[in-house]
Amino acid sequence: MDSGQVFQTPLLVGGELSFAPKRSMLLRLIRAAQPITRTDIADRLKIDKSTVTEVVRPLIDRGILRETVLETGTPGRRPRALSFGAEGDYFVGVNLGVRHTQVGVTSLSGEISHDDEFETPTSATRALQVVRGKISDIVRERPNMTLQMVGVSVPGMADAASRELVYAPNLNWRNVPIAETIQQVVKAGVVVENDSTAAAMFESRMKIGETADGSASNFILIRSGTGIGVGLVIGGEVYRGTGAGRGVAGEFGHMTIVAGGKPCVCGNRGCWERYASASSASSLYFGDRPLRPGETLPRFVDIVSKAENGDIRSRRTLEKIGDYLGIGIANVIMGTGVPRVIISGRLVYAWQFIAEPLNAAVRRSIVGKVEGWSVEAGSPSGSALGGALEVAVEGFLSNV
Ligand SMILES: [Zn+2]
């Protein structure tokens, strides 16, 4: 990515050209690298220092950002650096998973001060009851603090505008009014986001903290756990689709990869997530046969630890998952034209076994004939609570 693109990306997303400054990217960099000087921000994003000042000044005035003198140890040189203040504000993240749900609390400075997990009830009504109870407890325990935003990540299609879960195939939930239900017990805003998009937001901040430029602006995030989801970050912003397709972007887990293949919870056959998700490894390990009485499917982490101990069947299973993953990834790169891929979720634990067959599958495709594609392992935590907390904080910062 060349200079200026970070703030001047001509995006044809949403049907209109946008040259708006990526304020969110600047704030993300401060969160990732705080305390950081205005000069550092300007250098890393290749923008004017005056642009930095323009964005940060209103936030300093409101006490959300603060500027402190950095102790460099060098006489005479006392640069000032920006970091997030507002210690009285906090954010709640809820990662509604197919099997487990995590609830946590964070602040603008980034530390996680509460982390709770429970089994997701099969009924959406019951699940939201439990979530509401957990959030009410969190609010009650913090009488002198302000809950600014609740972020909820869901394993399916989310409508960011109406803030509800549209369809989660693995839970068989449809049209769940998540924000409305939570707001019956809290005054704060509630943002609902697809879990892969949430993980992509999380990785976006991780990568911007690691890299010295805007190279974290465009990537595809593949989140593989019970299912497979894809988050798209284009020009530093997540992409959700347009018009009636809003929320559908990234539903690659249900693209058909084997004609007439294994049946999927969505009603179709041969979906990608039936072949390349972490949970598909368990049935693949057993050769896709019905379980005998008393037999239980091994957990993904168990297959990984067996593979680490040299078990051939576990290794072959993970290599096969890597192969299917690579086939799908090549399709996703072809469809989006975004050549950088980050893997998130439980599959990261098996990276040493899946990386080679995965890359080989991409190399076989037309994508492999083009220079510059890459697939790398991200963080497992972005797929869980980290993503939901990111949704809450980003939701707050985009509106202040
Ligand atoms: Zn499907």
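At 29% relative accessibility, E319 counts as partly exposed, where buried means under 20% relative accessible area, exposed over 50% and partly exposed in between, taken with a 1.4 Å probe on protein chains only. The structure is a predicted model, in which local features need pLDDT of at least 70 and side-chain atom pairs count only at pLDDT 80 or more, while totals for chains, interfaces and linings use all residues. Residues are numbered from 1 along each chain as its sequence is written, and side-chain values use heavy atoms, with hydrogens and water left out.

The partner of E319 is R316, and the closest N and O atoms of this salt bridge are 3.1 Å apart; a salt bridge is a side-chain nitrogen of Lys or Arg within 4 Å of a carboxyl oxygen of Asp or Glu. R316 is partly exposed as well, with a relative accessible area of 48%. Both residues belong to helix α11 (residues 312-336), where three residues, about one turn of the helix, separate them. Helices (H or I, at least four residues) and strands (E, at least two) are DSSP runs, numbered from the N terminus.

The count of salt bridges comes to 21. Another of them joins the side chains of R38 and E67, at 2.9 Å from N to O. This pair links distant parts of the chain, with R38 in helix α3 (residues 38-45) and E67 in strand β2 (residues 65-69), 29 residues apart. R38 is buried at 16% relative accessible area, whereas E67 is partly exposed at 23%.

A further salt bridge pairs E390 with R205, with 2.8 Å between the closest N and O atoms. Here too distant parts of the chain are linked: E390 lies in helix α13 (residues 385-397) and R205 in helix α7, 185 residues apart. E390 is buried, with a relative accessible area of 1%, and R205 counts as buried at 15%.

Helix α2 (residues 23-33) and helix α7 (residues 195-210) pack at an angle of about 70 degrees, with their axes 8 Å apart. That makes α2 roughly perpendicular to α7, a term that covers angles of 65 to 115 degrees. The contact (heavy atoms within 4.5 Å) is made by M25, R28, L29, R31 and A32 of α2 together with S204, R205, I208 and G209 of α7.

Salt bridges that share partners join R28, R31, R205, E390 and E394 into one network.

Key: Axes are lines fitted to C-alpha atoms, for helices over the stretch in contact, and angles run from 0 to 180 degrees between N-to-C directions. Angles under 35 degrees count as roughly parallel, over 145 as roughly antiparallel, 65 to 115 as roughly perpendicular and the rest as oblique.
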